[in-house]
Amino acid sequence: MKKLLNYIVTGLLIASSTSCDPDFLNLTDPDSFDVPKYYQTEEDMNDALTAVYQATRGFYDQMFFVTEMKSDNASTTATGESGGIYYTFPSYNVSSMNNIVAKVWNSLCYTVNRSNWVLKYLDTVKFTDETNRERIRQETLFLRGLANFYLVRLFGEIPVVEKVLESTSDVKALKREPISKVYEHITKDLKAAADSDLLPAFIESGDANFGRVTNTAAAALLGKVYLTMATSIDEKYYTDAIVYLNRACTLRNYTELGGTFPKVFGIANEGNEEIIFQCMYLEGNQTECSAFAYYFQPKSVAGLTSQHDGRGFNSGEENLFNEYEQGDRRKNTCIVAYGNTYYTKKYADMTSALGYGGNNWIELRFADVFLMLAEAYERTGNIPLAKDFLDKVRVRADLPKYDESAAEYHAAYPTLRDAIFHERRMELAFENHRWFDLQRLYPTPEQLNSYMQKLGDNYSRFKAFQSKDFYLPIPFDEVHINPEGMYQNDGY
């Protein structure tokens, strides 16, 4: 790579380096600029932080392929050869050469890299208000922690990169770290913001800072990280998950789900109080818009969720459609039948004939937090509180509380844990949670494979699932550049 110092266009080098002659790297690039001279003012640092936020769009644009469409929630309406690269995810035929996998990896790494540029120069710039410097630091650490959290869940062991990589030798020195060590760095990053008294608890939609990180968001995400660590590393982390998930509720003084379920979604509701953190998109702007409305609309169909012809991605599975209980008010928003296929109305946006939508991607909301608290309390034996948080979600869906539900409900979900994961599926469908929920419910590749094989008795595509599919492959270029440090995941 020639533009090693350009913070906007340079990705994390593990994601974009190519082998070349060392002398060539020492040549001066006439198109480059001196990065240290760019970071001169407080405004420059704010702009650099904005670039980190922008980088997250790159992975949210593609994340549903590697989460929802690998889970039992969704597929794509174009199957077989006609489905091309997109069908490799629901058919579990992903290779290390897969371009979407590379895009997800690169975008997550770009986010880490841009974060490291901000942190490198943050203390070299004069600020008129020191609290603004610390605010930028905490927001940046949150975004770096978020990106690494996705990387470790999707790919397993990853390099921990906490500095700017400025040479090929830096890149070749990288090594994938044990998962426990990766989580140490993630929790350290998130605690800075979660324990902050500088970040606000909530930012109103009309505020100029709307969309930025809050301490509520940091506490909620840290709680989710600890919940994941409890199943993948040590059960002691359930206690930490409970602490930070409750902190998120306390910071926002949020005790009950407000409004109705459909009012959580759509461009008119992007500032509603239930949403904790979301990736921001700009309607009508080709480079900053979101495409989810037409991506998830049935293939070659317009007028359901977008004026643009649909792509048929993230098409709901029949087993998801059938799992909704009678009277569940969420169903008509979560999944709708269209002939023999299904789609979601969570991302409806009819504002642009070209599909330049304004739907933000919701990363965290309080229904998710309540259900995570139910999960953590159930795991630690506090059954009354587990039921209480589960019931908060069921009541809004116009469903009976857990203990008051009919016998057929309890037959279908014989344990409270089963009921909580059922509720997460119904509440959070198409929001990129299901794949990670399955990893927590079935925390080893063999356990998840067994679950998928049982699904395959009625839905044949799941028979193609293998234990290797628990993680994505490391992109081919990364292994090629650094085969010792960036070894391939098993089975690929």
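Predicted model: local features only at pLDDT ≥ 70, side-chain atom pairs only at ≥ 80, totals over all residues.
Residues are numbered from 1 along each chain as its sequence is written, and side-chain values use heavy atoms, with hydrogens and water left out.

Me: At what angle do the axes of α18 and α19 cross, and are the two helices roughly parallel or roughly antiparallel?

Reply: Helices and strands here are DSSP runs numbered from the N terminus (H or I over at least four residues for helices, E over at least two for strands), and axes are lines fitted to C-alpha atoms, for helices over the stretch in contact, with angles running from 0 to 180 degrees between N-to-C directions. The axes of α18 (residues 416-428) and α19 (residues 434-441) come within 10 Å and cross at roughly 165 degrees. Angles under 35 degrees count as roughly parallel, over 145 as roughly antiparallel, 65 to 115 as roughly perpendicular and the rest as oblique. With the crossing at roughly 165 degrees, α18 and α19 are therefore roughly antiparallel.

Me: How many charged residues does the contact of α18 with α19 have?

Reply: Taking contact as heavy atoms within 4.5 Å, R417, F421, R424 and R425 of α18 meet R434, D437, R440 and L441 of α19. Ala, Val, Leu, Ile, Met, Phe, Trp, Tyr, Cys and Pro count as nonpolar, Asp, Glu, Lys and Arg as charged, and the others, Gly among them, as polar. By class, this contact has two nonpolar residues and no polar ones, and its charged residues number six.

Me: How many of the eight residues of α19 are buried, and which elements are among those that cover them?

Reply: Buried means under 20% relative accessible area, exposed over 50% and partly exposed in between (1.4 Å probe, protein chains only). By that criterion α19 is mostly covered, with R434, W435, F436, D437, L438, Q439 and R440 as its buried residues, which is seven of its eight. The cover over these residues includes α5 (63-66), α7 (130-155), α10 (215-232), α15 (366-379), α18 and α20 (445-455).

Me: Which residue forms a salt bridge with E288, and how many residues apart in sequence are the parts that the pair ties together?

Reply: A salt bridge is a side-chain nitrogen of Lys or Arg within 4 Å of a carboxyl oxygen of Asp or Glu, and the count by this rule comes to 37. E288 is paired with R57, the closest N and O atoms being 3.5 Å apart. Because E288 lies in the loop between β2 (275-279) and α12 (292-295) and R57 in helix α4 (residues 42-60), the pair ties together parts whose separation in sequence is 231 residues.

Me: Which residue forms a salt bridge with R365?

Reply: R365 lies in strand β6 (residues 361-365) and its partner in the loop between α18 and α19, so the pair ties together parts that are 66 residues apart in sequence. Both residues are buried, and they belong to a network of salt bridges that includes E274, D328, R330 and K346. The closest N and O atoms are 2.8 Å apart, and the partner is E431.
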